[in-house]
Amino acid sequence: MVHHSDVVIVGAGPAGSVLAFLLAQKGWEVTLLDRARFPREKTCGDGLTPRAVATLQRLGLYEDVAQRAFPVRAARLYAAPHADITLPFHPFVHPLPPEGLILPRKELDDLLRRRAEEAGAHFVPQARITHFLPGQGNGTIAGVAGTTNGHPKEWPARLTVMATGASIGLHKAMGILQHPPHDVRAARGYWRGVQGLEPRFEFFFTPELAPGYGWIFPVGEDVANVGVGVYAAPGTPVPSPVRRLHAFIASHPALRDRFAHAELLDDVRSFPIRTDFPSHRICGPGWLMVGEATGLVNPVTGEGIDLAMESAMLAAEAIHRALEMGAIREKVVCRYERKLRRHFGRMFQGLRWLRKRVMRPRAVRILIQRAARHPGMAERIMGITLGTRSPFTAFLPSTWWWILRG
Ligand SMILES: Cc1cc2nc3c(=O)[nH]c(=O)nc-3n(C[C@H](O)[C@H](O)[C@H](O)COP(=O)(O)OP(=O)(O)OC[C@H]3O[C@@H](n4cnc5c(N)ncnc54)[C@H](O)[C@@H]3O)c2cc1C
């Protein structure tokens, strides 16, 4: 007899593990699958924004993460030597907690996965999912199938969740996406011996990195996660960020001295990022998606752990209700999609506009210079980039006009 779970979740990143944790806590039988063996590397900047900290606090997981992580209390925005500010999170990120954290994903994801297991979820590593099990009724999904340790296996369930990040193999299998919607590609490496590390996120918006950005996030006293993200121009493939990262570290005047004695600890790795929320269906009869699988990553900063965990919280509520009602019909499951669109729709509209119109070296330089003189403006910029304020209402149209005109 094949065993049926209440919920099967594909992908044990922050979205999948937080969802498994919440549903298992409610007493549902959850199977969490991942193609990797844990702990596993995930190519990432490892930065947890104040928004992520707020969610970890709501989940009761903050202490667990914070005691292993490097705390940060500010963000530095650098565009040029005379356009360089450090904004303390207190008071600028109010009402979010004035703290960020940096913890390598190998540790963070394993910790969240273990908490899900401790809450009662059943975790299966090295389970590569390739297709779906059809249920009764048109388009209904009733679980997943794939291989574990090379052997074919099926995992039937009342509800199926895709938490597969930027990988789109299962989207293609469903006929939801034909082409990769990746519009950002980012690369990162760990360097030891970096000078001038402080408890802050450092972001670089210099002309050499345009269209894109760079970061230095300290993971310890003298080790930093350093990376660049490259935005694709519409309709063109995203250029490789790896060469851009090496060139930036080797030759940019803002970094050259700081990296003079630094050594690269491992290979530089790159990975695509999806910021296309909401470009396709994210639910249907018997199934839904969470996290980056829905395109939920901040289009300006490339940060998505915070949004992945928030979407998991919304999904957990919806799934709990649907299972209690005994209804996995589209109408019930897709209340989640409406909620997600309400929660993130406007934020993404604003951030996409910001990326297209404002994230250019000259405009960013002017913004930073103005923010250095006007604390109110700094607070609004912080709110816009964290997605707690809309760029359409944070500034008068005339202010934007002035900034964009240069
Ligand atoms: C270089 C880089 C830097 C970044 N920096 C930051 C940062 O500093 N802060 C931040 O907040 N965000 C950052 N991001 C974005 C962040 O990594 C993602 O938004 C986040 O990991 C999304 O979480 P998730 O749980 O949705 O997916 P993921 O964390 O990607 O997890 C998906 C999981 O699904 C599994 N999986 C996929 N397909 C299958 C399959 N067919 N079968 C079984 N398992 C499968 C994968 O193995 C993986 O474990 C960065 C991204 C990149 C590429």
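Predicted model: local features only at pLDDT ≥ 70, side-chain atom pairs only at ≥ 80, totals over all residues.
**Entry 1: overall size**

I began with the whole chain. I counted 14 helices and 19 strands in the protein. Along the principal axes, the C-alpha atoms fill a box of roughly 70 × 45 × 40 Å. I then compared the radius of gyration with the rule for a compact globule: for 406 residues the rule gives a value near 22 Å, and the protein has 21 Å, which agrees. I noted that 48% of the 406 residues are buried. I also looked up how far apart in sequence the contacting residues are. Of the contacts with a separation of 6 or more, 72% are between residues 24 or more positions apart.

**Entry 2: a sheet of three strands**

I looked up an open sheet with the strand order β3-β7-β4, in which the pairing is antiparallel. Strands β3 (47-48) and β4 (70-72) stand at the edges; each has a single partner strand, so one side of each has no neighbour in the sheet. I followed the pairing of β4 with β7 (residues 100-102), which is antiparallel and runs over three bridges. Phenylalanine 70 has isoleucine 102 in β7 as its bridge partner. As a reminder to myself, strands of a sheet pair through backbone hydrogen bonds, either parallel or antiparallel.

**Entry 3: strand β15**

Is strand β15 (residues 223-231) largely enclosed or open? Eight of its nine residues are buried, so β15 is largely enclosed by the rest of the structure. I then checked its partners. With β12 it pairs in the antiparallel sense over nine bridges, and there arginine 188 stands opposite glycine 227 in β15. With β14 (residues 212-218), β15 is joined by seven bridges, again antiparallel. In this second pairing I noted isoleucine 216 opposite valine 226. A hairpin joins β14 to β15 through four residues.

**Entry 4: the nonpolar core**

In soluble globular proteins, nonpolar side chains tend to be buried together. I looked up the largest nonpolar core here and found 126 residues in it. Ile9, Leu19 and Val161 touch the most other members. Helix α8 gives the most to this core, with eleven residues. I listed what isoleucine 9 touches, not counting residues up to four places away in sequence: Gly16, Leu19, Ala20, Val30, Leu32, Leu33, Val161 and Ala163.

**Entry 5: leucine 61**

Leucine 61 lies between α2 (50-59) and α3 (62-66). Why does leucine 61 count as partly exposed? It has 17 C-beta neighbours inside 10 Å, and a residue is buried with 20 or more, exposed with 12 or fewer, and partly exposed in between. Leaving aside neighbours within four places in sequence, I found leucine 61 in contact with Leu56 and Arg115. I also looked up the separation of leucine 61 and leucine 111: their C-alpha atoms are 9.5 Å apart, while the two residues are 50 residues apart along the chain.

Note on methods:
Residues numbered from 1 in each chain as written. Pairing = 2+ DSSP bridges. Helix = DSSP H or I, 4+ residues; strand = E, 2+ residues; numbered from the N terminus. Rg over C-alpha atoms; globule rule 2.2 N^0.38 Å. Contact = placed C-beta atoms within 7 Å. Core = buried A, V, L, I, M, F, W, Y, C linked by C-beta atoms within 7 Å.
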